[in-house]
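Colleague: I have the sequence and the model open side by side, and I'd like to go through it with you. Can we start with a ring?

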Amino acid sequence: MNKAKTALSPEWSSRIRRYSLQSKSRIRGQHKGSHRSKYLGSSLEFSDFREYHPGDDVRQLDWNVLARTEKYFIKRFLDEQEMRVHILLDTTKSMAQREKWKVAKQLTVALGSMVLNKDDHLSFSYVNNTTLPPFRKKGARFQKAFEQAVAKLEKPDTKGNFARNALTVIPKDLTVLIIISDGLEHLEEWQIFFKQLPKLAGDVRFLQLQTAEEMAPSYTGDVQLVDMETKEPLNVSMSQAVLTSYQQMRMAHQKQLEALCHQYGIAFLSIKVNDGIQHILFQQLTKAYWIR
Amino acid sequence: MGISNLAFLWTIVFPLIVIIYYFFRKKYSVQEVSSTLFWREVMKETKVSPYLQHLQRNTLFYLQMLLFLFMILTLLQPYIKSKAIAGEQIIWVVDTSASMLVDDGKQSVFEKYKQEMHTLSKQLGGKSVTIITVDAEPKILLRDEQKIATIQKAIDELQVTYGHENWSNTMDFLQSIIEKKSTAVYIFTDAMDRKQLPTRTKNVKWIVRGTDHKYQNISLQRFGAIQSEKGVQAIAQIDNQTKKNQQATLKVYDANNKLMAEKNVSLKAGQVTKTVLNDLEMTTALTAKLTVNDEYTADQSMSALLATDQSRIYVDQSLHQLVFKAFQSIDPATSTITSKQLKTIQGRNLLVTNQTQFLKQTQNPVLLIGRDDQKAFPVQGNIKAIDQNLFSYAPIDDIYVEKLYPEVQNAKTLATIDDKPLIQQTKNGHIVVLTDLQMTDWALHPSFPLFLWNVKEKLTATESQLGTFKPGEKRVISLPNSPKNYDIYSADNEYITTLTDNGSFVAPAKPGLYYAKSDGDDAFYFIVALEQQEKTLSEGTTFQYGEVSKKDTIAKDDSVFSTILIIMILGLLIAEWEVQRRYGFTN
């Protein structure tokens with residue numbers, strides 16, 4: 001997979017620059033950022049006045065008001081803080097589906113670029129069996145570096161279970177945690193995983209990627225289905241009954257996954273990879289108020 | 001089970017092609033999917049019964065296979081190989097002689113054979129049957145019949161005809177109806193000599209059923225009665241064919257079935273005993289019945305007609321000697337007397353004269369030859385018999401008549417010459433011949449004595465008997481009022497039949513005493529007597545002789561199979577249609 005494919009086109013890059021990741025999470029980084037926080041701070045943005053009480057920082061007194069009214073008011077400003085955003089990409093073999101993998105990487109790059117553009121702190125990790133250091137940078141100048149880091153991921157080849165092992169690669173004190181996965185794992189695993197997430201991040205988002213083939217299989221006849229992860233074959237004779245049954249299974253899984261996310265306060269968004277990255281980014285994500 | 005049409009086995013190619021197609025069709029197309037998570041779940045659900053699932057998946061294949069197999073089966077024409085009768089053509093020869101009535105106490109041999117024929121008829125398997133009864137002459141009851149219902153009806157209607165079986169006749173007849181096909185001939189008889197069978201056995205199987213048992217028999221061999229001055233004397237001859245001394249009771253009945261005499265007779269083993277019954281009352285017929293413990297009852301009864309015919313013939317001395325000679329040859333007791341003596345004759349005696357005056361009296365029948373009261377005149381021309389009755393054995397058209405007497409008034413003309421009456425019958429029944437023997441050459445013709453015999457029979461037969469017949473015998477008899485219908489009754493006054501044309505009298509089958517009666521007439525007694533051969537029983541054997549090819553022993557009852565198979569094929573076609581409609585070809 002070459003760079004050109006993963007890298008977003010310049011036109012896109014400028015378009016992406018206009019967007020930013022939205023989050024109401026209170027957990028912020030210690031460094032100054034470009035995001036207005038609800039907290040009062042030292043930004044240039046004025047918030048309100050407040051009567052002075054002993055103990056307040058005298059530097060914050062509004063001298064002009066004192067001069068005119070001889071009353072002690074403290075002039076308050078909104079705080080400007082950086083966001084700590086982490087993108088967790090599912091690189092298990094189930095993501096190896098060509099379209100899926102492409103969209104997953106594009107999404108990672110796009111979201112990461114948005115974060116870096118706003119001078120926020122971005123970290124990126126995936127479940128890897130090797131001890132490759134995860135990407136962790138702040139500032140727009142690291143955009144190219146991030147793109148390259150993502151492009152380096154040739155092929156999803158992580159063995160084992162994503163949900164089970166993901167916890168180990170997530171840093172703490174995150175503002176936003178974005179998980180990009182296909183969700184094709186047992187619900188029990190997801191539940192264990194999701195249970196831990198609220199401790200790690202204030203705003204967790206689960207981005208589920210689904211292919212059209214998965215959503216509505218078009219197989220006919222006798223098909224030997226080979227699992228990409230386990231390589232286990234499974235002989236299935238397609239029939240209307242089997243397909244209907246499959247759909248029921250899939251829908252049930254989908255609903256339960258969604259319910260699980262809801263239960264643990266995780267934002268859930270299911271994306272059909274065949275819609276194309278443009279549509280996903282600028283229609284689906286914006287519609288869900290994930291980016292603006 | 002068997003197969004009729006093995007040649008159609010080649011059609012097995014078709015299902016084999018289908019099987020091969022199913023073998024070589026693309027089995028599973030490999031498809032990589034991200035995860036078989038859901039698929040496994042799906043399969044878990046459907047894999048509850050793998051066999052059932054397999055069946056479900058391959059329904060169409062199995063249905064097609066079944067369909068082909070049934071088609072092949074239908075073409076092969078299977079059948080149930082039941083225990084079948086050999087031969088393509090089956091002939092049942094049934095002996096209907098009296099000896100078939102031997103009875104072991106439970107069932108007569110004849111009934112036993114009827115049951116056996118019923119059993120055999122169920123094993124025919126569509127083969128045709130010819131049934132022949134054997135009596136004095138063979139008779140075909142059924143010819144190449146295949147319908148079991150008809151065959152069974154014919155079996156039920158089989159009856160003993162009491163005659164004596166004529167095997168040589170039957171065998172000749174059988175040879176003529178046995179075709180080139182392989183034939184099984186079943187002979188149902190009591191006893192039959194192996195030598196009677198023809199030597200030609202190619203493709204013919206003879207299956208002879210005999211009695212295999214020596215039946216105990218005591219028969220009334222002969223019974224006769226004569227009338228003498230002392231009264232009626234009857235003689236009976238009883239044959240004890242058993243190996244034991246026996247006691248028997250002989251009962252004699254008269255024509256009205258009234259018991260006249262009874263006598264106990266002791267019979268020595270294997271010997272013929274004669275017994276005489278004296279001083280019996282006068283009657284027209286006697287029936288003797290033997291009461292004895294044996295297994296064959298048909299030969300224990302006999303009848304005898306009493307010679308009651310006392311009429312004599314009296315010939316006028318004035319007639320030509322040839323007339324007397326002719327009558328003497330018919331009846332040796334014929335007397336020749338003078339005209340005066342003739343007048344004194346009483347009773348029903350035939351008077352032969354030329355005295356016209358006798359025609360007036362009615363007591364005695366009269367044959368008038370010539371007329372004493374008229375003169376003859378010359379005549380020339382053809383003779384024509386109007387009433388054939390008198391001339392039945394003796395046509396008279398070739399005789400020559402020179403002179404003729406004038407006709408008798410009020411008389412029926414029986415024969416004419418040149419359209420003038422030659423022979424007449426008066427109202428009183430007398431016969432008139434209007435010529436003298438001197439005027440014709442008739443006496444030189446053989447028809448003359450026969451004519452006289454006919455006249456005698458006609459004029460004196462009124463109280464006569466018809467004689468003794470064999471069972472079912474056909475004989476021409478002359479009854480006096482022949483145009484009338486005679487009803488025939490048995491001695492027990494049971495109506496048997498009506499005789500419409502005396503030219504073809506057929507005696508009843510059952511032996512015994514019978515009489516024929518017309519309105520207002522006297523009864524004419526006759527006897528149907530068992531033939532002597534049927535009074536002796538011989539032990540029979542059951543054997544088979546000759547062979548037919550084994551192929552022909554198979555009963556091919558394939559009709560049921562074909563119907564079932566065709567219905568199944570139709571059902572399968574409908575099922576296939578439905579499966580295809582619901583699941584499509586691939587599944």
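Colleague: Phe193(A), is that buried or exposed?

Modeller: Phe193(A) has a relative accessibility of 1%, so it counts as buried (buried means under 20% relative accessible area, exposed over 50% and partly exposed in between, with a 1.4 Å probe and protein chains only). Bear in mind that this is a predicted model, in which local features need pLDDT of at least 70 and side-chain atom pairs pLDDT 80 or more, whereas totals for chains, interfaces and linings use all residues, and side-chain values rest on heavy atoms, without hydrogens and water. As for labels, residues are numbered from 1 along each chain as its sequence is written, while chains are lettered from A and ligands numbered from 1 in the order in which they are written.

Colleague: How many aromatic pairs are there over all chains?

Modeller: There are 28 aromatic pairs over all chains; rings of Phe, Tyr and Trp (its six-membered ring) pair if their centres lie within 6.5 Å, and planes under 30 degrees apart count as stacked, over 60 as edge-to-face and the rest as tilted. One of them joins Phe162(A) and Phe193(A), whose ring centres are 6.2 Å apart and whose planes stand at 65°, so this pair is edge-to-face. It links distant parts of the chain, with Phe162(A) in helix α6 (residues 162-165) of chain A and Phe193(A) in helix α7 (residues 187-200) of chain A, 31 residues apart. Helices (H or I, at least four residues) and strands (E, at least two) are DSSP runs, numbered from the N terminus.

Colleague: And Phe162(A), buried or exposed?

Modeller: Phe162(A) counts as buried, because its relative accessibility is 0%. Phe193(A) also pairs with Trp190(A), in a tilted arrangement with 6.2 Å from centre to centre and 50° between the planes. Those two residues both lie in helix α7 of chain A, three residues apart, which is about one turn of the helix, and Trp190(A) is buried too, with a relative accessible area of 0%.

Colleague: Which residues do ring pairs link into a cluster there?

Modeller: The cluster consists of Phe162(A), Trp190(A), Phe193(A), Phe194(A), Phe206(A) and Phe268(A), linked by ring pairs.

Colleague: OK, other chain. Which residues touch the most other members of the largest nonpolar core?

Modeller: That core has 49 residues, and the ones touching the most other members are Val323(B), Phe327(B), Val352(B), Leu367(B), Ile423(B), Ile431(B) and Phe451(B). Several elements of chain B each supply at least two of its residues, among them α8 (321-330), β18 (350-353), β19 (366-369) and α10 (447-460), and α10(B) gives the largest share, five residues. A nonpolar core here is a set of buried Ala, Val, Leu, Ile, Met, Phe, Trp, Tyr and Cys residues joined through side-chain atoms within 4.5 Å.

Colleague: What is Leu367(B) in contact with, leaving aside its neighbours within four places in sequence?

Modeller: With that limit, the contacts of Leu367(B) include Phe327(B), Val352(B), Ile431(B), Leu452(B) and Val455(B), where contact means heavy atoms within 4.5 Å. Apart from that core lies another, of 42 residues, including Trp12(A), Ile87(A), Val109(A) and Val273(A).

Colleague: Switching to helices: at what angle do α5 and α6 of chain B cross?

Modeller: The axes of α5 (residues 109-122) and α6 (residues 148-156) of chain B come within 10 Å and cross at roughly 175°. That angle makes α5(B) roughly antiparallel to α6(B) (under 35 degrees counts as roughly parallel, over 145 as roughly antiparallel, 65 to 115 as roughly perpendicular and the rest as oblique). Axes are lines fitted to C-alpha atoms, for helices over the stretch in contact, with angles from 0 to 180 degrees between N-to-C directions.

Colleague: Where does Asn493(B) sit?

Modeller: Asn493(B) is in the loop between β28 (486-490) and β29 (495-499) of chain B, and at 54% relative accessibility it counts as exposed. Its phi is near 60°, a positive value in a residue other than glycine. Asp144(B), in strand β6 (residues 139-145) of chain B, also has a positive phi, near 45°, and counts as partly exposed at 31% relative accessibility.
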